[in-house]
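Hello,

Here is the structure for you to look through. My notes follow below it.

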Amino acid sequence: MSLSPQPLILGLESSCDDTAAALLRGRQVLASVVKGQNALHADFGGVVPEIAARAHAERLDHCIEEALETAQVTLAEVDAIAVTAGPGLIGGVLSGAMMAKGLSAALSVPVIAVNHLAGHALTPRLTDDLAYPYLMLLVSGGHCQFLIVRGAQEFTRLGGTIDDAPGEAFDKTARLLGLPQPGGPSVEQTALTGDERRFRFPRPLLDRPGCDLSFSGLKTALLRQRDQLVTERGGLGTQDRADLCAGFQAAVRDVLAEKTRRALTLYLAEAPPAPTLAVAGGVAANQSLRAALQAVCTEADVQFTAPPLALCTDNAAMIAYAGAELLAAGVTHDAGFSARPRWPLDQTAAPLVGSGRKGAKA
Ligand code: KG4
Ligand code: ZN
């Protein structure tokens, strides 16, 4: 089959709690449809895999239809299908993989099995045409890792969380303080009027060498501090809440900034021609974190870049783009490809332990 020089790629994403379809030609995102599932899981304090999988199966075709309509193209014009094949909640990944396999057979076009984390990691190339190798900090509700991105299939993981992801910690903090979900934005908002020095939360793993991170102890420290305040004063006042949020956010920010400093040192030792740190994931929306990362980069004379939020959080345009890079490198998959709950980008790095609210950490 002959492909046009810039193939039209249909991307599909369904690995967690967002169902998404996108159409991409070159670096042009013709359509990117994302349907979230927050309301479906709200009563359960986390993503329920069975509910997520069912919702993906019900919504994927609507997302595809909407994307086709927005992009003003037909299915027959699609040159290839890129789909998240892992890591993630297996029921959701299967929904997407089956849809992609079916469409690929029906349309006689290639299918490309994409690693969700590669989608995030390659997004700065879609948005800013960033040159390899760059350093990526992926911080979301499900992931947290430092990667040197060397190519579409070549990643070196310098470290990652050994338990919770930072977004998960923000969400738990909000829950402990009675603030609305998702927790990141509400904790950040509440912290604006808080004093980050009133409560000193731990800075986990800073006393150990390396770039690994841990956030679960932070949430326990916050729980203890909250309970102590409640015991002493009979409840939490507005200022208590603000100070707790500010103290928690400062701890996450300081740990991420210090580990970024260490990751940059390792990356810069390779003398990259255009040293750049890129950040992706929902937590990258946090202004205090962004300012700290920007400061670390200025200090190290490294460029700092963050894709627009809609492409930082889970979406299918990033999957289509990763698919486009693989296709250009001649990589396609046959219909027998597997859906993988775990799929580390760097196969040589030691596995990270822990499995969070949003599924397996890879
Ligand atoms: O990347 P994302 O949309 O989804 C996945 O985790 O897959 O990230 C969502 C996470 C949530 O945990 C949310 O609380 C967090 O990102 N988040 C933030 C902020 N906005 C969203 N965390 C801190 N500060 C924010 N402003
Ligand atoms: Zn993600």
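**What I found**

Start at ligand 1: one of its oxygen atoms is 3.1 Å from a polar backbone atom of glycine 167. That is a polar contact (a pair of N or O atoms within 3.5 Å; within protein, one must be able to donate a hydrogen and the other to accept it, and residues adjacent in sequence count only if both atoms are side-chain atoms).

Two notes on the source. This is a predicted model: local features need pLDDT of at least 70, side-chain atom pairs count only at pLDDT 80 or more, and totals for chains, interfaces and linings use all residues. Residues are numbered from 1 along each chain as its sequence is written, chains are lettered from A and ligands numbered from 1 in the order in which they are written, and side-chain values use heavy atoms, with hydrogens and water left out.

Back to ligand 1. A backbone N or O atom of glycine 141 lies 2.6 Å from a ligand oxygen. A side-chain N or O atom of aspartate 314 is 2.9 Å from an oxygen of the ligand. Alone, ligand 1 exposes 550 Å², and the protein buries 90% of that (Shrake-Rupley method, 1.4 Å probe).

Which element gives the largest share of the shell around ligand 1? It is α6, with 4 residues. Helices here are DSSP runs (H or I, at least four residues), numbered from the N terminus.

Now the zinc ion, ligand 2. Its protein donors are His116 (NE2), His120 (NE2) and Asp314 (OD), lying 2.1 to 2.2 Å from it. Donors are N, O and S atoms within 2.8 Å of the metal (3.2 Å for Na, K and Ca); water is not among the atoms, so sites may look incomplete. Histidine 120 sits in helix α4 (residues 116-128), and aspartate 314 in the loop between α10 (309-312) and α11 (317-328), 194 residues apart.

Are these two buried or exposed? Histidine 120 is buried, at 1% relative accessible area. Aspartate 314 counts as buried too, at 15%. The cut-offs: buried is under 20%, exposed over 50%, partly exposed in between (1.4 Å probe, protein chains only).

Last, salt bridges (a side-chain nitrogen of Lys or Arg within 4 Å of a carboxyl oxygen of Asp or Glu). The structure holds 18. Arginine 261 meets glutamate 258 at 2.8 Å, N to O. Those two are about one helical turn apart, because they are 3 residues apart in helix α8 (residues 238-268). Arginine 261 also meets glutamate 299 at 3.1 Å, N to O. Glutamate 299 lies in helix α9 (residues 287-300), so this pair ties together parts 38 residues apart in sequence.

Best wishes
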